[in-house]
Amino acid sequence: MACLVSRTGRELQRYNHMGFRQVVGCIPYRFKCSEDGVKIRDAYEVLVISSQKGQGLMFPKGGWELDESLEQAACRESLEEAGVVGKVESELGKWRFISKSQGTYYEGYMFPLFVEEQLELWPEKHVRQRIWMGVGEAREVCRHWWMKEALDILVERLATSMGEQKDGDDL
């Protein structure tokens, strides 16, 4: 059973040596399936969520806290904000950016999350929408440049791994 309450407050928030607030995000993805449930090779989609204030779409992200690893924070944010659970894969990268609305400096880490389960109830269901879409559309609607860069890295990584699987299938 998943916890259905989001963490709040900044008491456990991490900051780097320069005073940048550290945040962690995920790009939830899944492979598309045909109507009979068979996975379609090379076809996948990503999950975007609305911001709490309704100002555009993005991938789940939030503060990295002192009592968790980067991967645990990524899982927690995906559960709290998007209602998905899955396997956190290798880090896509680290970005530094400034919040336009708050003028705050951040250091953000992004991970792919291979979605294994989508929950009907999740902590922020009442304040967010979630939408599965293709990568091209997600890149257009995502409001953060650094998340778009992370998406580009994921796309390249998946293309490379799928190419390796195809090559191996020929053996």
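**Entry 1: aromatic rings.** I began with the aromatic side chains and noted that Tyr29, Phe31, Tyr44 and Phe114 form one cluster. The model I am reading is a predicted one. In total I recorded 10 aromatic pairs. For phenylalanine 97 and tyrosine 106, the ring centres are 5.4 Å apart and the planes meet at 10°.

**Entry 2: a charge over a ring.** I looked up tryptophan 132 and found arginine 30 over its face, at 3.9 Å from the ring centre.

**Entry 3: salt bridges of helix 1.** I listed 9 salt bridges in the structure. One of them joins glutamate 80 to arginine 76, with 3.4 Å from N to O. These two residues are 4 apart in helix 1 (residues 70–82), so about one helical turn separates them. Buried means under 20% relative accessible area; glutamate 80, at 5%, therefore counts as buried, and so does arginine 76, at 11%. I then recorded a network of salt bridges that links Glu68, Arg76, Glu77 and Glu80.

**Entry 4: arginine 128.** I found a salt bridge between arginine 128 and glutamate 81, at 3.2 Å from N to O. This pair links distant parts of the chain, 47 residues apart: arginine 128 is in the loop between strand 7 (105–118) and strand 8 (130–133), and glutamate 81 is in helix 1. Arginine 128 is buried at 9% relative accessible area, and glutamate 81 is buried at 6%. I noted a further salt bridge from arginine 128 to glutamate 124, at 2.6 Å from N to O. Glutamate 124 is buried, as is arginine 128.

Definitions and conventions:
Residues are numbered from 1 along each chain as its sequence is written. This is a predicted model: local features need pLDDT of at least 70, side-chain atom pairs count only at pLDDT 80 or more; totals for chains, interfaces and linings use all residues. Side-chain values use heavy atoms; hydrogens and water are left out. Rings of Phe, Tyr and Trp (its six-membered ring) pair if their centres lie within 6.5 Å; planes under 30 degrees apart count as stacked, over 60 as edge-to-face and the rest as tilted. A charge sits over a ring if NZ of Lys or CZ of Arg is within 6 Å of the ring centre and within 35 degrees of the ring normal. A salt bridge is a side-chain nitrogen of Lys or Arg within 4 Å of a carboxyl oxygen of Asp or Glu. Buried means under 20% relative accessible area, exposed over 50%, partly exposed in between (1.4 Å probe, protein chains only).
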